[in-house]
Amino acid sequence: MNPVPRIATALTLSLLLVTGCDRGSHPHNIDKPAPEFSITDGTHSVDLSKLRGHVVVLNLWATWCPPCIEELPSLLALHQKMPNLEIVAISMDQDPDVYHQFLVQHHVNLVTIRDADQRINALYGTVQIPETYIIDRQGTLRRKFIGAQDWTDPNIMNYLAKM
């Protein structure tokens, strides 16, 4: 039996395991200044530099994303329980009507902006939504969450409260 296919398979699996372990929760820019941006969608505007002095929860999402919809109620609850946090939700939705209808239907009362060009996703290196970045009061990127979270989880809330 030729050992080459087995070796090639073993090497491929090893490579996948090594790269698969880093799903981006510890991006290269952790503990570095968060990438600055200013964005407007005609309804809302956000300039990240103007949020200095506040803890920022930057959530990248879309209305067509089931995990994004799953985490939305807890993100809204976090907004209510911790009003001193600056929660900014950037949607990659293309259709403005679908986006605005979703916001009304789900009673979204936090700052959300539609970024159809996905400029912010590219800036932060987002590859899988929802992704959420925690930015401290000095503008430093402290943490990245991938996938739907329960934002009212005591561990997450304690983490945010201590910032």
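Is Gln118 buried, exposed or partly exposed? Gln118 is partly exposed, at 32% relative accessible area. Here buried means under 20%, exposed over 50%, and partly exposed in between, with a 1.4 Å probe and protein chains only.

## Basis

This is a predicted model, in which local features need pLDDT of at least 70 and side-chain atom pairs pLDDT 80 or more, while totals for chains, interfaces and linings use all residues. Numbering runs from 1 along each chain as its sequence is written, and side-chain values use heavy atoms, without hydrogens and water.

## Thr112 in strand 5

Thr112 sits in strand 5, residues 111–114. Strands (E, at least two residues) and helices (H or I, at least four) are DSSP runs, numbered from the N terminus. Thr112 counts as buried because its relative accessibility is 2%.

A polar atom of the Thr112 side chain lies 3.0 Å from the backbone oxygen of Ala89. Ala89 is also one of the residues in contact (heavy atoms within 4.5 Å) with Thr112, leaving aside neighbours within four places in sequence.

## Backbone exceptions

Most residues other than glycine have a negative phi, and most peptide bonds are trans. His107 has a positive phi, near 55 degrees. His107 lies in the loop between helix 3 (96–105) and strand 5. His107 is exposed, at 64%.

Gln118 also has a positive phi, about 55 degrees, and is not a glycine. Its loop runs between strand 5 and helix 4.

The Ile129 to Pro130 peptide bond is cis, with omega near -5 degrees. Pro130 is in the loop between helix 4 (119–124) and strand 6 (131–135).

How values were computed: A polar contact is a pair of N or O atoms within 3.5 Å; within protein, one must be able to donate a hydrogen and the other to accept it, and residues adjacent in sequence count only if both atoms are side-chain atoms.
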